[in-house]
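The sequence and structure are shown first.

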Amino acid sequence: MADFNLSPEQEQLLEEFRDIALHKIAPMAAELDEAGDGRFDFGPVRVLAEHNFLTPTIPCEYGGRGLDYFTTSLLLEELAAACAGVATVVTANIHAASPIVLAGTGQQKKTYLPLLASRKAHLAALALTEPEAGSDIASISTLAVKNNGFWNISGTKEFVINGGVASFTTLFATTGPDKKRSGMIAFVLPAGIPGLKEGAVRHKLGIRYVRTTQLVLDRVHVPDEMVIGSQGSAYLLLMQTFDRGRALAGAVGVGLARAAYEFALEFSKKRHQFGRPVFDQQAVAFNLADLLVKIEAARLLVWKACWLIDNDLDYTMLSSMAKLAGSSVAQEAAAAAMDICGGRGYLKGCPVEKYLRDARVMSLIEGTNNIQKAVIASQL
Amino acid sequence: MGYKSIGRQLQLAREQAGYSQEQLAAKIGCSQSTLSNYEKGRRRIYLAQLEKIAEILNKPVQFFLQPIDHENAVRQEVCLPAAAPSEATAAVQDIKSREQNLLALFQSLSPEGQQLIMDFALWLKKREVGENG
């Protein structure tokens, strides 16, 4: 890991992906944002699916690229620099697939993983949060009751990314709220299963491309074959999914921060005030220098966390650090970029105002930043 | 975050099965310090590892995730007030293996046996209170 050179294969892959992100995704970003939460455009995900980049971690045996987390983080940084919303959709796919990859049955893997590697742009959703259970996930109340060999699931899920447009949903429920962690259970539910309905579409400040909805489960009737993992293992499965996903969420933050930094740098060199480029003002140049240090530091945390995941080492603390650093620098860079660009950055249509709105959610999703600090502190 | 409780259950199950940390660590292929950190909740145990441990210790995975408040359970049994959260965290770490063994024995008894123990403990407590005035 002390060698920071990418392999020739990684260089080539990154070049191919950067071209897609820069020339096919970035030009759509403003329009996707403007269209808002109400309408989901499959265009960008189709572009990614055509190149099998929509869920790059799907193992090769199921038709995926089988990329490790480190390489995936490189791609997500590029994608987030182009459009944080599209990058969030990809991380949601990875997140939803993770419990199946980690603990799914052979049949579940054969049925669902190839969908995410298909050229037909299938999405997946992970449904966990509830109106009354956010950070306190052991308090979920969506109830799964077993009767005559079948499960009946009822409840309401909130903030489901890819809700209503996913081909399948990885759902976490409880067999009894008093059982807390030991009562948690995970299911994979195909779209269209009777009783599973899309609820309200959530309209957001940023990452407006990302379709985020409620999901309502009204006596969804499923066999045992749809349970993911061994009995009682769902809580650990979820924590492990979070721990892995957070490193990638950090990569999205780094990508967004980099985009804001690069925009501000270019602007500061072109924009003249007091007879010279704004960049020549030491306050501006130092601000950019500080940002670059923080972006680089966050990226290194992301890389280390991903390296630990790929090598099956203890990655919990580093993943939380990566997510904390990535989301913090995204917000800081977006705010700094707006300061440097001044009034122009505040105008609709300028990428900076979108960066600022998109960055705000980074410290909320995939576990709030305070939760990341709690995870880190628990290991001290 | 839940992992301290998992760690306590892990320690309990290991001691019930009669393994030292070194012995169990060797069986699951990790270092003694890693296992110690699992038990203290300072390191998150991943699912595959816990499933391996569950098999060796002959416990279902749910056993390790049960919401059991050992420290307050012990305090309630001896009629002491419940500990404040920060105090509880420190106290839990100080529970002696003698007390944990007693708890393990208690849990392994039938409901009738557990009632007999409770009755005896209450009788003993009353007698001690009487003797001490």
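The model discussed here is predicted.

S4 of chain A spans residues 168-174 and is mostly covered, with seven of its seven residues buried. In a regular strand the side chains alternate between the two faces of the sheet. One side of S4(A) carries A:Phe168, A:Thr170, A:Phe172 and A:Thr174, while the other carries A:Thr169, A:Leu171 and A:Ala173; both faces are covered.

**Cavities and pocket**

The structure holds three cavities of 30 Å³ or more. The largest cavity is lined by A:Thr88, A:Thr91, A:Ala249, A:Val252, A:Met362, A:Ile365 and A:Glu366. Helices H4 (84-103) and H6 (234-270) of chain A each supply at least two residues of this lining.

The largest pocket is lined by 50 residues; A:Thr129, A:Gly134, A:Ser135, A:Leu364 and A:Gly367 lie nearest its centre. Both chains contribute to the lining of this pocket: among the elements that each supply at least two residues are S1, strand S3 (150-161), helix H10 (351-360) and helix H11 (369-378) of chain A, and helix H1 (3-16) of chain B. H4 and H6 of chain A also belong to this group.

The table sets out the volume and lining of each space.

| Space | Volume | Lining by class |
|---|---|---|
| Largest cavity | about 50 Å³ | four nonpolar, two polar, one charged residues |
| Largest pocket | about 1200 Å³ | 23 nonpolar, 13 polar, 14 charged residues |

**Domains of chain A**

The domain assignment divides chain A into domain 1 (8-122), domain 2 (125-232) and domain 3 (235-378). The C-alpha centres of domain 2 and domain 3 of chain A lie 30 Å apart. The contact between them takes 12 residues from domain 2 of chain A and 12 residues from domain 3 of chain A.

Terms used. Residues numbered from 1 in each chain as written. Chains lettered and ligands numbered in written order. Predicted model: local features only at pLDDT ≥ 70, side-chain atom pairs only at ≥ 80, totals over all residues. Heavy atoms only, no water. Buried < 20%, exposed > 50% of the residue type's maximum accessible area, 1.4 Å probe, protein only. Helix = DSSP H or I, 4+ residues; strand = E, 2+ residues; numbered from the N terminus. 1 Å grid on protein atoms, 1.4 Å probe; cavity = no way out; pocket = protein on both sides within 12 Å on 5 of 7 lines; lining within 4 Å. Points joined across faces, edges and corners; volume = space filled by probe spheres on them. Nonpolar A, V, L, I, M, F, W, Y, C, P; charged D, E, K, R; others polar. Domains from an automatic or database assignment. Contact = heavy atoms within 4.5 Å.
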